[in-house]
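Morning, everyone. I'll take a few minutes on charged side chains. Have a look at the model first.

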Amino acid sequence: MNVKRMRTRHHRSNGSNGASRQLNGQIPMNRNHVFDSHGPDVRVRGTAQQLFEKYLQLGRDATGSGDRVAAEAYFQHAEHYFRILNAMAQAAQQSQQERAERQASRQQRAASNAAEYEEDEQPAPEGEAAASEPKDLSTEPQPELSEG
């Protein structure tokens with residue numbers, strides 16, 4: 001079998017392999033994003049909040065056992081995930097503000113469109129009524145139809 005064909009068969013160019021979620025080389029994160037963390041002598045997997053708490057606990061344990069170097073390393077890892085939590089919270093707040101601004105803009109446009117529609121529905125002066133509005137034929141005499 002052709003090796004080149006084999007490689008392209010499994011390659012998905014439509015982005016369904018997760019690449020469509022990447023923005024400028026970064027995967028957008030939410031609070032449920034799972035990280036694989038390789039700490040000083042431990043490998044931990046979890047959300048940023050879970051990793052922050054785990055490294056804080058490991059740092060406290062290392063401090064209690066008298067290993068200041070390991071404790072500092074764990075606290076630095078905890079600080080890293082603390083900064084990630086802050087960045088995610090800031091991004092969430094910014095996107096919430098943007099959504100609120102878009103909603104307010106939509107409501108403002110809807111209100112101006114409604115006001116414009118109401119202006120168009122205002123009755124025209126009597127001289128213009130005949131030219132702009134169709135004649136109501138329901139009050140006019142109608143021809144009789146005979147069956148035949």
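**Charges on the surface**

Start with arginine 45 and aspartate 36: their side chains meet in a salt bridge, 2.7 Å from N to O. By salt bridge I mean a side-chain nitrogen of Lys or Arg within 4 Å of a carboxyl oxygen of Asp or Glu. This is a predicted model, where local features need pLDDT of at least 70, side-chain atom pairs count only at pLDDT 80 or more, and totals for chains, interfaces and linings use all residues. Residues are numbered from 1 along each chain as its sequence is written, and side-chain values use heavy atoms, with hydrogens and water left out.

How accessible are the partners? Arginine 45 is exposed, at 58% relative accessible area. Aspartate 36 is partly exposed, at 42%. The cut-offs: buried is under 20%, exposed is over 50%, partly exposed lies in between, with a 1.4 Å probe and protein chains only.

How many salt bridges does the structure hold? Two. The other pairs arginine 83 with glutamate 79, at 2.8 Å, N to O. These two sit four residues apart in helix α3, residues 68–121, so about one helical turn separates them. Helices here are DSSP runs of H or I, at least four residues, numbered from the N terminus. Arginine 83 is exposed at 54%. Glutamate 79 is partly exposed at 38%.

Stay on helix α3 for arginine 106. Its relative accessibility is 43%, which means partly exposed.
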